[in-house]
Amino acid sequence: MSQNYAAPGQLWLLPQSQQEGLDFDYRQVISVVEKAYRALREGGSDNPVKTIIEDSDHHSLSYSMVARDGASGTVCFKAVYEFDPRRSRDSYRFHSFIFLADDTTGAPIALMDVVKLGPLRSSATTALFARAACPDARSALVVGTGVQGRMALPMLLAALPELDRLQVFGTYPDGLRAVQDSVADREVEVVEDLRRAAGEADIVIGVAGLSVTEEVRREWMKPGSVAVLLGYGVHADVCHGADYRIATDTAQMHATCDDLRGEDGSLPSVDAELPDILLGRAPARRAPDDVVFAYNSGMAVTDAALGRYIADLALAAGRGERADFW
């Protein structure tokens with residue numbers, strides 16, 4: 001997979017503007033992310049728990065991750081900085097990038113903005129959870145209309161094309177329209193009664209921000225459904241009251257889900273992790289009527305794999321800027 005991304009001594013830069021208009025095949029994105037999860041168990045990959053720093057007054061949040069994807073031979077270093085993460089000061093700022101290196105040649109690949117990569121890999125992971133836990137699903141509800149909300153349904157349809165009822169709940173008219181526009185030739189219903197919609201959905205996806213006004217509760221969900229959480233919009237009682245719980249990684253979940261803890265600080269046990277489910281080593285549910293809770297925590301190994309995929313698309317399209325760096 002080795003390619004000449006930049007001349008010796010140069011660093012290839014892929015800012016947000018250079019990633020616009022790339023032709024992402026969502027089915028291929030799902031395949032790339034799935035291979036990254038499988039490689040975590042099949043050897044050659046590693047994904048340590050992220051390092052997190054949060055100020056005591058919650059005015060900023062910073063974290064970093066490193067991973068190696070054995071499937072593509074790519075190492076990834078990721079850094080994220082959020083200012084006003086709780087949106088309490090009307091001054092929210094988000095900055096993030098990844099540095100990719102080819103671990104088969106030792107050559108750098110790129111320094112890349114993650115505005116495209118993050119939603120792609122998170123939505124692909126959600127689609128993998130949903131397909132594994134509810135393969136015969138016909139209806140899906142998205143709670144939230146931000147960047148992740150707008151990516152959720154197109155990616156979900158790539159994994160489950162038989163879905164025939166799509167719904168969205170949110171409070172921002174522009175965001176609701178954007179979610180509706182994200183799916184070509186398909187109707188997306190805007191729902192006002194979240195309880196009713198959640199009770200009819202096979203798949204519930206929580207991708208809202210901290211300002212979410214209402215969250216799906218455990219008692220609303222119908223037997224056999226799955227709730228996937230990667231933001232907000234699914235209440236903690238779904239996690240605690242679910243019949244079966246799955247996660248991308250248990251240690252990562254414990255490091256990032258303080259808002260799901262009970263009053264005593266406890267978290268219920270995780271029954272299975274996504275890499276094992278994808279390899280057939282663990283089930284995605286125990287019984288057909290189980291209500292399943294899935295926790296989608298970002299894992300840098302998928303950033304490494306998908307970053308390599310995006311870099312190769314950008315290289316083929318003649319994108320990026322090269323700077324003398326070393």
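**Close-up views of a predicted model**

View 1. With a relative accessibility of 29%, H58 counts as partly exposed (between buried, under 20% relative accessible area, and exposed, over 50%; 1.4 Å probe, protein chains only). The model is predicted: local features need pLDDT of at least 70, side-chain atom pairs count only at pLDDT 80 or more, and totals for chains, interfaces and linings use all residues. Residues are numbered from 1 along each chain as its sequence is written, and side-chain values use heavy atoms, leaving out hydrogens and water. H58 sits in the loop between strand 2 (51–54) and strand 3 (60–69) (strands are DSSP runs of E, at least two residues, and helices runs of H or I, at least four, numbered from the N terminus). Although not a glycine, H58 has a positive phi of about 60 degrees.

**View 2. D185 in the loop between helix 4 (173–181) and strand 9 (188–190).** D185 counts as exposed, at 81% relative accessibility. D185 is not a glycine, yet has a positive phi of about 60 degrees. Most residues other than glycine have a negative phi.

**View 3. The largest nonpolar core.** This core has 76 residues (buried Ala, Val, Leu, Ile, Met, Phe, Trp, Tyr and Cys joined through side-chain atoms within 4.5 Å). L156, L163, I203, L306 and I310 have the most contacts inside it. Helix 9 (residues 300–316) gives the most to this core, with nine residues. Apart from it lies another core, of 28 residues, among them V216, L229, A242 and F293.
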